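Okay, thanks for coming, everyone.

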Amino acid sequence: MKNSKILWLFGLVLVLSAFLAACGGGDDTDTGTETTETEGTEGNGGEPDSVQELNLIQSAEIPTMDVSMAEDAVAFEILNNVNEGLFRLNEENIAEPALAEGEPEVSEDGLTYTFKLRDANWSDGTPITANDFVFAWQRAIDPDTGSPYGPYMMAGTIKNATEVSEGSMEVSELGITAEDDNTLVVELERPTPYFMSLMAFGTFYPLNEEFVTEQGGDYASNSETILYNGPFTLTNWDGTGLTWTMEKNAEYWDAETVQLDAVNVDVVKETSTAVNLYQSGEKDRVGLSGEFALQYAEDPEVLREQEPVLFYLKFNQERDGEETAMANENIRKALATGFNKQSLVDVVLANGSLPANYLVPTEFAFNEAGEDFREINGDMLGFNADEAKTYWEQGLEEIGETEVTLELLGGDTELAGKMDAYLKDQLETNLEGLTVNLKAVPFGVRLELDEAQDYDIQNSGWGPDFQDPMTFLDLFVTGSSHNLMSYSNEEFDTLIEQAKGELAQDAEGRWEAMAQAEKLLIEEDAAIAPIYQRGIMSLQKPYVNNIVKHPFGGDYSYKWAYISGKE
């Protein structure tokens, strides 16, 4: 929500990012909706008792609940709990059949998948059919829709998706067909090893055509103008508000597994307020950072986890039709090496995050020999004040300036403000003649400014959409919906295309192409400046059990969660 999956945007909801996706992007404010699969997350392990309501915090409003338009961590987390697709990530984070009755039949060449659908209903009792998938996928790839994720997720994977997204083919020619109400056939452009995990991602969820058409422009504008097919339904959301509820969905095909009656969520942007709500018993989970992470580090209710979520600075090379200072490679390298990442994670975050001199996270992607992608590709372009000064002086000379003023676009949460202030101080101290003006805006506004490419530098983040380095790397190919910073490198584009195409079934060659692409992006071009890999420190009440954390797609599932032992 994760603009690709996802990274996506949800406890520390990517406030530094304009996307999550999962899934995308979002803000990295510690929100309380986060959980972990490490020891201690199972609560007291008893049987469900007490009132089955979970009270959580989110750090940003919901930008949209339209699956075709979702592009951030907040939306994809909620969509993951109120809807589902052919497959769903289970408690072990393995993609397993959901609306699909079982595993699909796959053709010998790996290009055609035939799914049989189980008997399942929408929240209004209407049967879910194969046409609901056809309609949703065609809507997401239709250029008239303007979906930020549809082209990204489907182009090069689903047959004819690229041509349809470019308007040279009709949406009816997309490689998805409903043979009958319960049989769905999907055709691919090329074999895709991670295809089944894509089927658990929000962009591929179905939509009821009759309902969406009937709602027209009001569709997904509030919780009453949406149909649901997942464990919960969304209620009490007016489209812009700071509070909402997810209630158990009686029509869900696996409703007997769902123990919670309701998940109550409030948007709280100040960590101090969130902690007070937790201590007073009004909230069951809260994320920690900075002074609060230090204060509660030894608390018995603390949970820690490392996430495959990366935060970085996006350097916009063109704004309002004019080249910016970031169009200069030396300026970008100066900014990328001009701030101390270790101090940022130790002092400002203090939650177990790691300084990142890379894009693909550590302990996320492994080759057939079990080697971590990070072990193979190593670190790149780390903090070095002396080198930063040299790059800066060369860059200023090349652009004919002695002073430069840049705008740093960030979120409006307490933690985002602290991080941006730290970056401003570091960069202005280490790069003489630089002035950094901070611009803090709500998450939805940041998405709009990113889309309009109306910024100089932006704190951005990405969570994976599937478990493969490609979910991070192809964000930056020329024309990508996430590459809203005018970066373009033909060699980089070729490496990514090779890894997706001719090398798709050559594991070693594909890995090498992706490693070269990452080095080109960061070490040679400094197109972005990695900051940190997110760690999470949270407080969670001991009576909360079985919240499941996912590495991609929607960050958390509450399908299996329950309350036990609450007084």
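So, to start: which order do the strands of the open sheet of 4 strands have? Going across, the order is β6-β7-β9-β8, and the pairing is antiparallel. At the edges you have β6, residues 105-106, and β8, residues 176-180; each has a single partner strand, so one side of each is left without a neighbour in the sheet. If you follow β8 to its partner, that's β9, residues 183-187, running antiparallel to β8 and joined to it by 4 bridges. To find your place in that pair, look for A178, which sits opposite L184 of β9.

Before we go further, please keep in mind that this is a predicted model.

Let's zoom out for a moment. The protein chain has 17 helices and 25 strands. If you'd like a box around the C-alpha atoms, it's roughly 65 × 60 × 50 Å along the principal axes. Of the 567 residues, 63% are buried. The accessible surface is about 20100 Å², with 42% of that belonging to carbon and sulfur atoms.

Now the charges. There are 32 positive and 107 negative ones in the chain. How far apart are their mean positions? The answer is 3 Å.

Okay, on to strand β14, residues 302-315. Is it mostly covered or uncovered? Mostly covered: 12 of its 14 residues are buried. β14 pairs with β21, residues 528-540, in the antiparallel sense over 10 bridges. Within that pairing, F311 has Y532 of β21 as its bridge partner. β14 also pairs with β20, residues 457-462, again antiparallel, this time over 6 bridges. There, the residue to look for is Y312, which stands opposite S460 of β20.

One last stop, a single residue: T271. You'll find T271 in helix α7, which covers residues 271-279. Is T271 buried or exposed? Its relative accessible area is 5%, and the cut-off for buried is under 20%, so T271 counts as buried. And what is T271 in contact with, leaving aside neighbours within four places in sequence? Those contacts are G287, S289, F292 and E414.

That's my tour; over to you for questions.

Note on methods:
Residues numbered from 1 in each chain as written. Predicted model: local features only at pLDDT ≥ 70, side-chain atom pairs only at ≥ 80, totals over all residues. Heavy atoms only, no water. Helix = DSSP H or I, 4+ residues; strand = E, 2+ residues; numbered from the N terminus. Buried < 20%, exposed > 50% of the residue type's maximum accessible area, 1.4 Å probe, protein only. Contact = heavy atoms within 4.5 Å. Areas by Shrake-Rupley, 256 points an atom, 1.4 Å probe, with all protein chains shown as cover. Lys, Arg positive; Asp, Glu negative; His and termini not counted. Charge placed at Lys NZ, Arg CZ, Asp CG, Glu CD. Pairing = 2+ DSSP bridges.
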